[in-house]
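This report is written for someone meeting the structure for the first time. It begins with a group of charged side chains and then moves to the sheet, the helices and the cores.

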Amino acid sequence: MVDLRIRVLTAVLIVIAAVLLAVEGSWGAVLHHHWTFIALIILFLLSLGFTAVSDCRRKSWCALLSHLGFFLVLCGGLSGSSNRTDANMWIYLEGQPEHMAVDRGGNVVLLPFSVSLKDFRTDYYVDGESPRQYTSTLAIDGRELRTSVNHPCKYKGYRIYQSGYDAVNGEYSILKITRDPWLPVVALGALMLSIGALMSLKRVWNSWKMPFAALALAIVFGTVSVARINFGTLMPALRSLWFVPHLIVYMLAYAIMAISFVAGIASLFCRRIPERFSEKLLSTASSLLLIGMICGAVWAQQAWGDYWTWDAKECWAAATWLLTLAGTHIPGKRRKLIFTVLAFLAIQMTWYGVNYLPSANSSLHTYNQTVH
């Protein structure tokens, strides 16, 4: 009875988080800075902590990796938000070395080093018009370093990203400079979550056949998706090793979610369809959505210096995953079916609906930035 109450309480917390993310993703309201959202995260941390201890006692390693990994991601994100340096710097060719940057609030950030721009180069594809890469050659305290899109340089614990440039005369380069002491904690948590998600696929289907079948489907969906991409003029931000797996895993998750939705509805009218089939598909889609989201976060960290920006599509992707997660936690066939339907509808918003929301104007996923 106690375990049932914990599962219901967990599902309620997950649904509240999904609703808040959907609201922020739709209207761009900065809810994640509000005390209620922070209180919700703290409740999540307490729930995950107690659950992880219980998993350890029961030697449920798959659940332990997932719960402890989620705990580390939330803890690292919450703690790192106040200790993080995130500022932009404009440096000119043949200009004076700069040691000051400006954060998002317009405040000056003093850096423990000086940066000067020795050279800025734009590489083009064979058509001579489509940019392939942007590269800044920097002199930092006498050392020569290069930074380009998806390939930031590192110095004294800071990461320096190619963020923008002078599109008219090419006289200056815009650098994004970040420092996040909690990033290793978040990365470890994401790794544990990924391993837990893969182990969950095996546990749900009681064999490795489903993961291999999922891989085969991923190759099919990936081939169809990638075939539509013009790699001959791919923008610099998309030239990442994480772009293809991020796309493939999400496409596969969407397909499985659609099958789960159809199977769940059909099971209400046809007894031949096993009740557990739709639930297994829902759990599989949940694991794949998580892996796809983590691939996207790693890609974003390498390209833009942020693994999470509260972007419209990011918020809806997280809300979709949380709805599938709630469906795997809450008991009862009808309740699970409700969450299957909600998650399927949320996927439609994530895939194309966000393009019509008020928050879409400031979305990074429109790739309307200078370097992106």
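## A network of charged side chains

R104 and D86 join their side chains in a salt bridge with an N to O distance of 2.9 Å, where a salt bridge is a side-chain nitrogen of Lys or Arg within 4 Å of a carboxyl oxygen of Asp or Glu. This pair links distant parts of the chain, since R104 lies in the loop between strand 2 (98–103) and strand 3 (108–124), while D86 belongs to strand 1 (residues 85–92), 18 residues apart. The model is a predicted one, in which local features need pLDDT of at least 70 and side-chain atom pairs count only at pLDDT 80 or more, whereas totals for chains, interfaces and linings use all residues. Residues are numbered from 1 along each chain as its sequence is written, and side-chain values use heavy atoms, with hydrogens and water left out.

Burial is judged by relative accessible area, with buried meaning under 20%, exposed over 50%, and partly exposed in between (1.4 Å probe, protein chains only). By these cut-offs R104 is exposed, because its relative accessible area is 65%, whereas D86 is buried, because its relative accessible area is 14%.

R104 also meets D306 in a salt bridge, at 3.1 Å from N to O. Here the chain positions are 202 residues apart, with D306 in the loop between helix 7 (275–304) and helix 8 (312–329) and R104 in the loop between strand 2 and strand 3. D306 is buried, because its relative accessible area is 6%. The side chain of D306 meets that of K176 as well, in a salt bridge of 2.2 Å from N to O, and this pair again links distant parts of the chain, K176 being in strand 8 (residues 172–179), 130 residues from D306. K176 is buried, as is D306.

| Salt bridge | N to O distance |
|---|---|
| R104 and D86 | 2.9 Å |
| D306 and R104 | 3.1 Å |
| D306 and K176 | 2.2 Å |

These residues belong to a network of salt bridges that links R84, D86, R104, K176, D180 and D306, and the structure as a whole holds twelve salt bridges.

Eight strands make an open sheet in the order 5-4-3-2-1-8-7-6, with antiparallel pairing, two strands being counted as paired if DSSP finds at least two bridges between them. Strand 5 (143–148) and strand 6 are the edge strands, each pairing on one side only.

Strand 3 and strand 4 (residues 131–140) pair in the antiparallel sense over nine bridges, and L117 stands opposite L138 in strand 4. Strand 7 (residues 158–165) is mostly covered, with six of its eight residues buried. Six bridges join strand 7 to strand 8, which run antiparallel, and Y161 stands opposite K176 in strand 8. The hairpin of strand 7 and strand 8 has six residues between the strands, and within it G170 takes a positive phi near 65 degrees.

## Helices and cores

The buried residues of helix 2 are F37, L40, I41, F44, L45, L48, A52 and D55, and the helix is followed by K59, whose phi is positive, near 55 degrees. Among the buried residues of helix 4 are L183, V186, G189 and A190.

A nonpolar core is a set of buried Ala, Val, Leu, Ile, Met, Phe, Trp, Tyr and Cys residues joined through side-chain atoms within 4.5 Å. In the largest such core, of 53 residues, F44, L74, L288, L290, W321 and L322 touch the most other members. The elements giving two or more residues to this core include helix 1 (2–27), helix 2, helix 3 (61–83) and helix 4 (183–205). Another core lies apart from it, with 33 residues, among them V149, C153, L238 and F243.

How values were computed: Helices (H or I, at least four residues) and strands (E, at least two) are DSSP runs, numbered from the N terminus.
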